[in-house]
Amino acid sequence: MNIYNENAFNNKSGVTDMGPGVTVIGVLMALWCIAFAVVNIVLEVTDYFAGGPFAEYTAGITVMNWLVVGFKTLGAAVALLPVVNIPKLHLPALMTMLVWGAFATLGLYALGSVTQALGMFSGFAGTADQINLAGVGYVFMFLLAAAGYGFLAVSYSRRYGTRRIYAVLGVVGAPVVLGLILIAVPMLLFTLGLIPAY
């Protein structure tokens, strides 16, 4: 059977069973996203940005902060939807693009962080003294998250036989769309005078 044959979804006999490990990883990835979102929420609730040199730009920073919370919440949903049975929300093509997109976005971010760390370690960009245990742990968490979403993406594609093109669209499209949003929104906020030049 061609595991990327979209018709396999319409034929229940073509859908392979999901092992308990897939569910565990989906839940762990969702909790990972929620934990990171909680950090942003705490920063807002405690008015963390109300003081300091950027106090006058609190409104703009708040917009960006809640935008990040939204992305992290979406990440949690993308982790859970492939492992729960909600027929009305089960759109194989869209789900394939989302889960592969999450994998690609986290993977690129983790790869960029590793490259930056290697640059510091080698002295090419910074110094090895700038690398600390907290920074290493941070990068490691993103590497694990990328691996987790990669596992979910492969598992979902195999179980539902979705076409490769959807995976490709997710891998290419998600980082591009996210990048455009993270460029456009700050530019708009700067134009409105809500954040300083960056």
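Colleague: Which residues lie nearest the centre of the largest pocket, and how many residues line the pocket?

Modeller: This is a predicted model, in which local features need pLDDT of at least 70 and side-chain atom pairs count only at pLDDT 80 or more, while totals for chains, interfaces and linings use all residues. Residues are numbered from 1 along each chain as its sequence is written, and side-chain values use heavy atoms, with hydrogens and water left out. The largest pocket is lined by 30 residues, and Phe71, Lys72, Thr105, Leu106 and Leu178 lie nearest its centre.

Colleague: What makes a set of points a pocket rather than a cavity?

Modeller: On a 1 Å grid over the protein atoms alone, a cavity is a set of points where a 1.4 Å probe fits but cannot get out, whereas a pocket is an open set with protein on both sides within 12 Å along at least five of seven lines, and lining residues have an atom within 4 Å of a point. The volume of the largest pocket is about 950 Å³.

Colleague: Which helix gives the most to the lining of the largest pocket?

Modeller: Helix 6 does, with 9 residues, and helix 2 (20-45), helix 3 (58-80), helix 4 (92-122), helix 5 and helix 6 (164-191) each supply at least two. Helices here are DSSP runs of H or I with at least four residues, strands are runs of E with at least two, and both are numbered from the N terminus. The protein has 6 helices and 0 strands.

Colleague: How does the span of helix 5 compare with what is expected?

Modeller: Helix 5 (residues 133-160) has 28 residues and reaches 41 Å from its first C-alpha to its last, close to the 40 Å expected, the expected span being 1.5 Å times one less than the number of residues. Just after helix 5, Gly161 has a positive phi of about 60 degrees.

Colleague: Why is Asp47 called exposed?

Modeller: Asp47 counts as exposed because its relative accessibility is 55%, and exposed means over 50%, buried under 20% and partly exposed in between (1.4 Å probe, protein chains only). Asp47 is in the loop between helix 2 and helix 3, and its phi is near 55 degrees, a positive value in a residue other than glycine.

Colleague: What is the average pLDDT of the protein?

Modeller: The average is 85, and 88% of the residues score at least 70, where pLDDT is the predictor's confidence in each residue, from 0 to 100. Over residues 1-14, however, the pLDDT is below 50. Where pLDDT is low, the predicted coordinates should not be read in detail.

How values were computed
Contact means heavy atoms within 4.5 Å. Grid points are joined across faces, edges and corners, and a volume is the space filled by probe spheres set on the points.
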